[in-house]
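Okay, thanks for making time, everyone. Have a look at the model on the screen while I talk you through a few spots in it.

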Amino acid sequence: MDLILPSRSDGDAHAQLDGLAANRLRAFDASTLAFLAEFSARLLQDHALRSAPELVALGYWFRPAAIETLRRRHEALAANGVLRARGVVFHVAPANVDAVFVYSWFLSLLCGNRNIVRISRRDNAHRATLLKLLGDTLAAHPQVAACNAVVAYQRDDTVSAALSAHCDLRVVWGGNETVAHFRGIALPPLATELVFPDRQSWALINAEAVMAADDDTLARLASAFHNDAFWFAQQACSSPRAVIWVGGSATIAQAQPRFWHAVREELVRRAETPDASELANRLVAAHRAAAVAEIKLTGRLDDWPLRLAVQAFTPEMRGAHCGYGLFYEVSRDTLAETRELFAAPDQTVAYFGFDRATLAAWAQTLPDRAVDRVVPIGEALRFGDYWDGHDLLMAFSRHVVIA
């Protein structure tokens with residue numbers, strides 16, 4: 001097991017982990033707030049990270065004004081008693097979205113927990129820059145550094161079991177297989193677990209609203225849709241992989257080419273071009289879909305985005321979705337007729353052309369576990385302190401009731 005953060009002269013991961021027991025910070029401790037303020041400022045000022053909008057968003061998320069909003073909400077949650085930290089939180093981070101481990105770790109830190117964060121060994125330039133920035137910031141805040149350990153190790157159940165045995169909360173990101181695997185590793189009787197398995201997401205578009213939109217509105221919609229779908233190559237759980245069109249068939253037939261033309265213009269404006277390997281992945285996924293369901297190709301097989309008209313987003317299509325600009329499209333006359341399309345793995349619905357009251361009434365009719373977020377197109381990837389139906393401030397805290 002390698003200690004990634006904080007830097008120690010002896011590089012001893014076990015010594016850092018042993019030291020966690022002797023170090024504690026209160027919820028929204030002044031030391032934590034100073035650390036996060038410096039982290040946010042460094043991140044927003046780092047020119048090397050300007051080309052990584054998800055990391056710029058991370059910097060904004062932990063700026064002092066945003067933290068103050070979280071602090072007030074944390075205070076309100078404790079109205080009937082006291083919110084205490086859970087203790088030691090063991091985070092198993094996903095490999096596909098670099099920023100997620102920081103959100104999970106820092107929210108837990110704000111709640112006063114000591115943290116062990118396991119990250120993957122998969123590396124890239126942005127992650128390396130982010131880890132260096134984190135290391136430099138931790139070095140300037142030794143009290144915070146003493147309460148945290150970021151480690152990396154190959155899949156090793158002996159190590160995972162040892163870390164799980166000493167945690168009070170285990171947080172597992174990374175998909176169904178990872179969640180199922182860690183559920184076979186015991187936790188102490190009083191420990192709890194928070195898991196984030198595979199999820200899929202949709203875009204929901206009112207065809208009449210697209211036809212009523214002027215060119216500027218349509219360009220903004222296309223830019224917002226691009227951010228949702230293309231920032232992580234549709235790999236994030238909240239990236240839309242299927243699009244529901246709502247409206248009469250004639251209106252949808254007019255709205256679809258107008259919308260997708262705007263999306264293609266947005267890709268040109270950003271000078272983004274499709275990769276050959278990504279095209280190959282889309283073709284394989286499209287052929288797999290054709291083997292299990294009736295699909296209709298809209299356009300050409302080498303189009304980017306590649307669009308496939310279908311009647312539903314089936315489990316087979318969900319499992320074989322490759323990302324990289326492949327979109328299934330489903331049409332329904334009314335919003336009420338979309339209910340049967342949704343299933344438990346559905347997480348986010350990013351919408352355009354519907355009012356909040358209509359969506360609130362519609363959400364009440366969806367299957368029991370389906371859909372945790374309904375947000376405007378452009379906000380699908382925006383992390384929140386409510387995620388997958390969990391209030392993360394509460395999940396990272398223990399509520400002591402005082403009668």
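So, which loop does His 141 lie in? That's the loop between helix H6 (125-139) and helix H7 (142-145), where helices (H or I, at least four residues) and strands (E, at least two) are DSSP runs, numbered from the N terminus.

Quick housekeeping. This is a predicted model, so local features need pLDDT of at least 70 and side-chain atom pairs count only at pLDDT 80 or more, while totals for chains, interfaces and linings use all residues. Residues are numbered from 1 along each chain as its sequence is written, and side-chain values use heavy atoms, with hydrogens and water left out.

Back to His 141. Buried or exposed? Buried, at a relative accessible area of 13%; buried means under 20% relative accessible area, exposed over 50%, and partly exposed in between, with a 1.4 Å probe and protein chains only. Setting aside neighbours within four places in sequence, His 141 is in contact (heavy atoms within 4.5 Å) with Ser 31, Ala 34, Phe 35 and Glu 38.

Let's follow Glu 38, then. Glu 38 sits in helix H2 and is partly exposed, with a relative accessible area of 24%. With neighbours within four places in sequence left aside, Glu 38 contacts Thr 137, Ala 140 and His 141. Glu 38 is also 21 residues from Gly 59 in sequence, and C-alpha to C-alpha the two are 9.9 Å apart in space.

Gly 59 takes us to the helix pair. The axes of H2 and helix H3 (residues 53-61) come within 8 Å and cross at roughly 150°. Those axes are lines fitted to C-alpha atoms, for helices over the stretch in contact, and angles run from 0 to 180 degrees between N-to-C directions. On the H2 side, the contact is made by Phe 39, Ser 40, Leu 43 and Leu 44; H3 brings Leu 55, Val 56, Leu 58, Gly 59 and Tyr 60.

Leu 58 turns up again in the core. How many residues does the largest nonpolar core have? It has 55, and those with the most contacts inside it are Leu 58, Phe 101, Phe 106 and Leu 134. Helix H5 (residues 100-110) gives the most to this core, with nine residues. By nonpolar core I mean a set of buried Ala, Val, Leu, Ile, Met, Phe, Trp, Tyr and Cys residues joined through side-chain atoms within 4.5 Å. Take Phe 106: not counting residues up to four places away in sequence, Phe 106 touches Phe 35, Leu 36, Phe 39, Phe 62 and Leu 134.

Next, helix H8 (residues 157-165). Val 159, Ser 160, Leu 163 and Ser 164 are buried there.

Most residues other than glycine have a negative phi, and most peptide bonds are trans. Here, the bond from Leu 5 to Pro 6 is cis, with omega near -10°, and Pro 6 is in the loop between strand S1 (2-5) and H1. Trp 304 and Pro 305 are also joined by a cis peptide bond, with omega about 5°; Pro 305 is in the loop between strand S10 (296-298) and strand S11 (306-309).

As for phi, Phe 28 is not a glycine, yet has a positive value of about 55°. Phe 28 is in the loop between H1 and helix H2 (30-45), and is buried at 10% relative accessible area. Gln 234 has a positive phi too, about 60°, in the loop between helix H11 (215-230) and strand S9 (240-246). Gln 234 is buried, with a relative accessible area of 0%.

Last stop: Ser 238, in the loop between H11 and S9, and buried at 4%. What does the Ser 238 side chain reach at 3.0 Å? The backbone oxygen of Ala 380. Leaving out residues up to four places away in sequence, Ser 238 touches several others, including Ser 201, Arg 373 and Trp 387.

Note on methods: Polar contact = N/O pair within 3.5 Å; in protein donor to acceptor, adjacent residues only side chain to side chain.
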